[in-house]
Amino acid sequence: MMRKILKKGVASAFTASLVLAVLGCSQQQTGQPAAAAGEKDDTPVTYSFFMNVAAPEYPQDGGEARKLITEAAAKAGIKGFDYKVSLNSGKDFFTKLNIEAASGELPDYFDVDIPTLTKFVDEGLVLPLDDFIKKSPSITSLVPKEAWDAVTFNGKIYGIPSGSRPEPFNQPSSTGVLYRADWLKNLGLKVPTTLEEYHQVLTAFTKNDPDKNGKNDTYGLGGKKDSIFEGVFGAFGVFPEFWYERDGQLKQGYVLPETKQALAVLQQWYKEGLIDPEFAVADAQQLDSKVINGKVGVYEGPAFAIFEKNKITKSLKEVTPGGSLGFTAPPTGPKGESGLPETPPASSISAISAKVKQPNKLFAYLNWSLTDGDNGGYLLREGVEGKHYTFDKEKNDLQDLVGASEKYKDGFSNPIKFIAVTDRRWAPDYVRKALEDSAKFARPNALWKTVQAELDYPDLKDKLWPEYYTKIVTGVWSVDKWDEFVKKYYEQGGKEIEEQGNEAWKSLNK
């Protein structure tokens, strides 16, 4: 499942992450939203859902799941509920969604991104949700406050963000530093912790033949074009796109002097040949290939990569039988700072048409869909126990018996996960430990709200910053060019972004 995310990283929701909307809180077995006055709960309604999911196997009639789910919902007191799901993905999804909006035929419930939601709110096309959310304990117990802030406009909530189960390994962030553990062993090195130690390891991985093949064909640090070496920025306590409070005002990391310090370190490492020179053009698949084929020894990525069944580890061991990946913290900087940017509090959001019939019934279903048990969230997200999945309650371990495609074919899982919730209970203990560590590495963003000026001036993030970042790191420009970037940032829309960001921050923190 690939859903439109709020921001970068709004990075990296990772495709290896398994999202399931289930929750083990006893309070969630009750408390369905009450019907509005005069509204008959048992009046049949077939709700139209339009989801940003690529699942061609999903049957148009909903498959065997639809009958089982609607019957289970009725037993839970949600009578007369039925659904029809349409799927699309990527740019085609939003093209179709906007066409339907223009024709006045929005589906009842649909995935959306922040720019589109902002537009629909302004046009009065979506339903304010505050009253329904207050009566939906399963939803509110899973979705953090910061996620609601991102979908709040003029004091009202207009979107339902994704959430996370409460276990430590289910926190949204999953990123850390991955390294070739066998290379460290070959060279007699320890796992690095400080910037200086990272520099030593990267130098050895680049120049000391870590794979023992007699060739000068490795680089210490690898990356890809849609990300930066965030661990280095974290060593100075700042990430360019995040917001930070300075003297009672918010400022984006782009303009803080710590960013210039991080750029200086990266430029030096690049001049020494420690960074793969293709980092600025490589996509995720190309970076994976470089890791698998032993071309880079360190990179930032998800804890899932160390899982023995993960494609990276499996492929690495096929190419190099003794090859292995380790997972560790990003480097600590000169002032003891370290970390990686926290993942956005919501990886996806959905909205409800202002024309929806019986919204209380729809919310009762959404709330019920996040309950535990065979007749709640497990059914629609996992399928039939014993056929599609197994669950060991004592170990809190949930494992698939069939592949995702088989679940889609039967009408279960991602296509009907109308509220996505991170659930990694499939992970073995060593992966859970890495995920828990990742949560400790995550550093907060002071404001997750996307302000209108960011939508009005997208070139600041999409063009101006990438150009200066790449040319400074690769030595085409001096580090002092960062000062010129800051000037242009404010002149080309950054001033308005900062002003609106501060207004939003103060409004959310009243």
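Keep in mind that the model is predicted.

**Stop 1: the sheet.** Colour the five strands that make up an open, mixed sheet, running in the order E2-E1-E3-E15-E6. E2 (81–88) and E6 (160–161) are the edge strands, each with a single partner, so one side of each has no neighbour in the sheet. Now select 109–112 and 349–352: these are E3 and E15, which pair antiparallel over four bridges. Within that pairing, Phe110 stands opposite Ala351.

**Stop 2: ring pairs.** The whole structure holds 35 aromatic pairs. Pick Phe49 and Phe418: ring centres 3.8 Å apart and planes at 15°, under the 30 degrees that counts as stacked. Phe49 belongs to strand E1 (residues 45–52) and Phe418 to the loop between H15 (404–410) and E18 (421–422), so this pair ties together parts 369 residues apart in sequence. Both Phe49 and Phe418 are buried.

Next, show Phe279 with Tyr469, an edge-to-face pair at 6.5 Å centre to centre and 85° between the planes. Phe279 is in the loop between H10 (257–271) and H11 (284–292), while Tyr469 is in helix H18 (residues 459–473), 190 residues away. Phe279 and Tyr469 are both buried too.

**Stop 3: charges over rings.** From Trp477, go to Lys481, whose charged end sits over the Trp477 ring, 4.6 Å from its centre. Finally, select Lys449 and Phe153: the charged end of Lys449 sits over that ring, 4.0 Å from the centre.

Definitions and conventions. Residues numbered from 1 in each chain as written. Predicted model: local features only at pLDDT ≥ 70, side-chain atom pairs only at ≥ 80, totals over all residues. Heavy atoms only, no water. Pairing = 2+ DSSP bridges. Helix = DSSP H or I, 4+ residues; strand = E, 2+ residues; numbered from the N terminus. Phe/Tyr/Trp six-rings, centres within 6.5 Å; stacked < 30°, edge-to-face > 60°. Buried < 20%, exposed > 50% of the residue type's maximum accessible area, 1.4 Å probe, protein only. Lys NZ or Arg CZ within 6 Å of the ring centre and 35° of its normal.
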